[in-house]
Amino acid sequence: MNDAIVVTPQPRRYPRHLVAEARTGRYAGRMEDGVLCFRSIEYAEQPVGDLRWKAPVQLKRSDEVHEAYAYGLTSIQPWRRRWSSSSRQGEDCLTLNVFTTALAPASPKAVMVWIHGGHGQWGGSIDPLDHGDNSVRRRDDVVVVTINYRLGHLGRLDVGRLGEGYGNAGNQALLDQIAALEWIRDNIAAFGGDPGNVTILGESEGAAAVAFLLVSPPARGLFHRAVIQSGAQAYRRSNDGLTASSLAISDAVLDFLGVRTAAEAARVPETELVEAANVFERIDWLTRDGVALPYDPWAVLRDGGGARVPLMIGTNLDEEKLYGVFDDGYASFADRKLDAWRRGNIISWGWEDPLEPHERAVAEDFLELHGGTVVEALSAFVTESTERLYAHRIADLHSAHAPVFFYSWEVPSAIPDLGACHAVEIAYTLHNLDATIITGARPDPRLAAAAHDAWVNFAVNGDPGGWPAYVPGERATMRFTPEGPIAELDPRAEERRLVVPLFSPYESR
């Protein structure tokens with residue numbers, strides 16, 4: 001009888017210059033048009049089963065080579081919305097992507113960490129607008145990291161009633177982002193990055209995340225510069241209102257899922273989590289618990305208790321026009337604005353809110369400023385009162401403790417009636433020129449180069465290049481216009497002065 005022949009499989013060999021030897025493991029990447037790309041690297045244990053709705057758990061080291069070739073899953077999110085990610089989704093979504101040009105450069109490179117937006121409900125790093133490879137392809141003096149994190153009810157549900165182990169519930173998304181930054185601190189040197197020179201940046205909800213990370217005690221020391229693109233309204237809501245809203249929605253979601261205990265929480269099928277995401281789309285705000293997030297972010301900024309790092313912050317000229325125009329067309333959007341105006345309401349971020357009498361008086365002044373054009377007046381009013389006002393306030397407070405650079409994005413979309421709307425600048429600042437979903441056409445290469453250089457320069461050395469620093473009262477602003485960047489003191493001062501009185505109800509609450 002012949003002895004059986006046993007064939008021992010040989011470990012797969014990878015070119016040394018494509019394998020990063022990090023603390024948490026070995027990662028094989030691919031060279032793509034001059035950029036070494038590592039995708040879907042886990043930065044924490046996946047939050048499934050007993051870890052569902054809990055704070056992220058530190059990743060255990062693996063000695064196997066992880067083939068980091070393809071993007072991972074994006075978080076479960078409402079799939080009925082225009083802005084939902086088109087990629088595969090799942091709750092095992094705690095991954096990041098690293099883009100670099102050399103694993104062992106002559107000197108470590110600055111690190112840019114991009115946090116995608118999407119109202120905390122949708123989006124993902126796989127979406128073309130959020131890719132990081134093109135930034136590195138144009139400027140090889142940085143390493144770019146893009147991250148995924150839990151969205152919607154997975155990232156924001158306050159399930160503290162389930163008992164021990166859920167003490168940080170309500171801030172899962174923020175804690176995911178902190179876990180990603182901890183992984184970057186411990187591992188990015190293996191990819192050619194400098195863990196002592198990390199910039200966090202994001203737009204919309206990603207910018208709100210940056211604003212929260214600025215004042216979050218667990219995030220202290222994990223980054224060294226910050227960029228807030230159209231996300232200053234993060235601090236807008238009062239804490240009392242946040243707590244009541246968070247608990248009410250959380251109870252409703254848990255009741256929908258039939259969850260009363262931790263054991264039941266771990267057993268909910270993923271298909272039911274998906275359905276809950278579609279039923280409960282608006283879980284808007286993180287929980288100010290005094291641990292991961294202070295009760296009063298404004299006080300932390302004022303007293304210098306946050307991260308004292310250089311900050312770039314700004315807004316777009318026509319933020320509000322993305323909502324409604326993009327989905328419904330200009331005519332429908334204009335009709336809704338006019339109808340809201342006649343009924344004493346204003347439509348902001350796609351929903352109606354009643355105007356208080358003092359707000360109505362300010363809106364009337366805006367109408368006069370804009371020659372009686374209701375859409376332009378109300379769009380400007382919403383942009384000023386819900387974005388730029390708060391951006392100026394953050395800049396005012398933070399500039400007492402660290403350098404601040406303020407911008408105004410005024411380069412319009414090629415899509416009719418959108419103007420310089422919310423998110424139109426991302427394609428420029430990340431240099432994703434083929435991601436034209438909001439720009440409508442490929443951005444002007446000259447303007448894109450100027451914007452991209454400013455963002456990368458800021459990440460490299462804390463100075464965007466030739467900008468005047470922000471000083472309260474002067475409000476130096478770099479305006480990105482179709483003619484190019486123009487520095488100006490306190491542009492749109494008249495509109496700012498009109499809305500300043502509206503701020504006081506929100507401060508220190």
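Analyst: Pairing comes first: two strands pair if DSSP finds at least two bridges between them. Helices (H or I, at least four residues) and strands (E, at least two) are DSSP runs, numbered from the N terminus. You're looking at a predicted model, where local features need pLDDT of at least 70, side-chain atom pairs count only at pLDDT 80 or more, and totals for chains, interfaces and linings use all residues. Residues are numbered from 1 along each chain as its sequence is written, and side-chain values use heavy atoms, leaving out hydrogens and water.

User: How do you know that strand 10 and strand 11 pair?
Analyst: Strand 10 (residues 225-229) and strand 11 (residues 311-316) are joined by four bridges and run parallel. Pairing asks for at least two, so these strands qualify. Val-227, for instance, has Met-312 in strand 11 as its bridge partner.

User: What makes strand 3 and strand 16 edge strands?
Analyst: They belong to an open sheet of eleven strands with mixed pairing, ordered 3-4-6-8-7-9-10-11-14-15-16. Strand 3 (30-32) and strand 16 (484-489) each have a single partner strand, so one side of each has no neighbour in the sheet. Neighbouring strands are turned by 25° on average, direction ignored.

User: Which strands does helix 4 touch?
Analyst: Helix 4 packs on that sheet against strand 7 (109-115), strand 9 (193-203), strand 10 and strand 11. Contact here means heavy atoms within 4.5 Å.

User: Why is helix 3 called roughly perpendicular to helix 4?
Analyst: The axes of helix 3 (residues 172-187) and helix 4 (residues 205-215) come within 11 Å and cross at roughly 75°. Angles of 65 to 115 degrees count as roughly perpendicular, under 35 as roughly parallel, over 145 as roughly antiparallel and the rest as oblique. That's why helix 3 is roughly perpendicular to helix 4. Leu-174, Gln-177, Ile-178 and Leu-181 of helix 3 meet Ala-209, Phe-212 and Leu-213 of helix 4. Those contact residues divide into six nonpolar, one polar and no charged.

User: How do you get an angle like that?
Analyst: Lines are fitted to C-alpha atoms, for helices over the stretch in contact, and angles between N-to-C directions run from 0 to 180 degrees.

User: What is the angle between helix 12 and strand 11?
Analyst: Helix 12 lies across strand 11 and strand 14, at about 165° to strand 11.

User: Where does Ser-399 lie?
Analyst: Ser-399 is in the loop between helix 12 (374-398) and strand 14 (404-409). Leaving aside residues up to four places away in sequence, Ser-399 touches Val-404, Tyr-470 and Pro-472. Ser-399 and Pro-310 are 89 residues apart in sequence and 8.6 Å apart in space, C-alpha to C-alpha.

Note on methods:
Ala, Val, Leu, Ile, Met, Phe, Trp, Tyr, Cys and Pro count as nonpolar, Asp, Glu, Lys and Arg as charged, and the others, Gly among them, as polar.
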